[in-house]
Amino acid sequence: MRRCPSVVTPMPGPPTTQRRRVDAAIACSSVSVASSAEYWSWSIASTRYSSKSPAGIGDEVESYQNRSARRLQDLALPDRVAAGIQAAKDTATTRLPPSGTFDVVLSDEALEDFFDAFVAHGSGPAAFEGWSRFQRGESICGDVQGDRISLSLDATLDGGLCSYGFDDVGVPAQRVDVIQNGAFCRRANDQRHGCWLKEAISGQAGNVVIAAGTTCSADLLALDGAPLLHLRRFSVLQPH
């Protein structure tokens, strides 16, 4: 696949400056958008916050985002850029939380990263290499209060980045219900690992689909006096 040259668009105007107890500069150096015959992709080269305290101690936080989609509108460029800039601004007032026990809400990029582990442990390679923690018919999370997770890999979704008609070796696209109501049901196997494990072959993994719960996001974030930790992005998450 040959990709078209990237279009680099600098953010208009100079970085804004705030003065609280530190001098803060927020800069978004460039936005790159690339198109091909198969998908669109974009990246924010750098969104960073840098400051110097009255004592002259410098600090810097960098943020990098990269997205791909089959349809340009699915990139949601204005919202993504605005969210990146807001995250940079938030570092001016953000402090590490005290040690303790908190309710935790995951959203945005943190939520996507969190489910990577479920997909990995439900895959053929994880079983063949001996590190999958999932056993067919058993609960994946033990005792759970509230909604239990249901996760599928669907290669037939219209417009999905991981959708296809047939994979590289000719296996037709299909939906695989990996986890249903908190229990592991079926492993996602490409042709090679399905043959090695003597299990059903489902082809290349499709789009991750998570069944919606019964509580809306506003209710999850409602403060009732108890401490709440809201995670929107991990710097690094490798829970496998």
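In strand S10, select Ala183, which is the bridge partner of Gln180. Before going on, note that this is a predicted model, in which local features need pLDDT of at least 70 and side-chain atom pairs pLDDT 80 or more, while totals for chains, interfaces and linings use all residues. Residues are numbered from 1 along each chain as its sequence is written, and side-chain values use heavy atoms, with hydrogens and water left out.

Strands here are DSSP runs of E with at least two residues, and helices runs of H or I with at least four; two strands pair if DSSP finds at least two bridges between them. On to S8 (residues 151–154), which pairs with S9 (residues 175–180) in the antiparallel sense over 4 bridges, with Leu153 opposite Val176.

Keep Leu153 and Val176 selected, since both are among the residues that line the largest cavity, a cavity being a set of points on a 1 Å grid over the protein atoms alone where a 1.4 Å probe fits but cannot get out, and lining residues having an atom within 4 Å of a point.

Finally, select helix H2 (residues 108–121), in which Phe114 and Phe118 are 4 residues apart. Phe114 is partly exposed at 35% relative accessible area, whereas Phe118 is buried at 12% (buried is under 20%, exposed over 50%, partly exposed in between, with a 1.4 Å probe and protein chains only).

Definitions and conventions:
On a 1 Å grid over the protein atoms alone, a cavity is a set of points where a 1.4 Å probe fits but cannot get out, and a pocket is an open set with protein on both sides within 12 Å along at least five of seven lines; lining residues have an atom within 4 Å of a point.
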